[in-house]
Amino acid sequence: MNLLMSCIGRRSYVAQYFRAHLSCSDRIIGTSNTPWTPAFLACDQCFLLPSYSDEDAYGAALLDLCERERIDALLSFMDQDVVVLSGLRHELQQRGTVPVLP
């Protein structure tokens, strides 16, 4: 399983909660728009994306990442990000990614 944690920020504890229940072949992938994201230390891979405030660039980069990394499920930790991702729900599902959003 490839689990994407979007806008992970300082939430390394969430990655650690999941890690305890994943197999060694599963990956936790984190995204942010800054390389100084503390929770990147808890991820297997990290990717810098454009800010979610630039919806077009962010959406295109996120969809490309989901396809390229074969993301199975996507979690978001930022309210504004959820708004953008909810608009991409259909495109994410077409790529085989389950968006786990409120």
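Student: Which residue stands opposite Leu4 in β4?

Tutor: Leu4 stands opposite Leu74. Please note that this is a predicted model, in which local features need pLDDT of at least 70, side-chain atom pairs count only at pLDDT 80 or more, and totals for chains, interfaces and linings use all residues. Residues are numbered from 1 along each chain as its sequence is written, and side-chain values use heavy atoms, with hydrogens and water left out.

Student: In which sense do β1 and β4 pair?

Tutor: Helices (H or I, at least four residues) and strands (E, at least two) are DSSP runs, numbered from the N terminus. Two strands pair if DSSP finds at least two bridges between them. Here strand β1 (residues 2-6) pairs with β4 in the parallel sense, over four bridges. Strand β5 (residues 98-100) is also parallel to β4, with three bridges, and Val98 in β5 stands opposite Ala73.

Student: Are the residues of β4 buried or exposed?

Tutor: Buried means under 20% relative accessible area, exposed over 50%, and partly exposed in between (1.4 Å probe, protein chains only). In β4 (residues 73-76), Ala73 and Leu75 point one way, Leu74 and Ser76 the other way, and all are buried.

Student: How many aromatic pairs does the structure hold?

Tutor: Rings of Phe, Tyr and Trp (its six-membered ring) pair if their centres lie within 6.5 Å; planes under 30 degrees apart count as stacked, over 60 as edge-to-face and the rest as tilted. The structure holds one such pair. Tyr13 and Tyr17 are edge-to-face, 6.0 Å centre to centre with 75 degrees between the planes. Both lie in helix α1 (residues 12-19), four residues apart, about one turn of the helix.

Student: Why does Tyr17 count as exposed?

Tutor: Tyr17 counts as exposed because its relative accessibility is 57%, whereas Tyr13, at 43%, is partly exposed.
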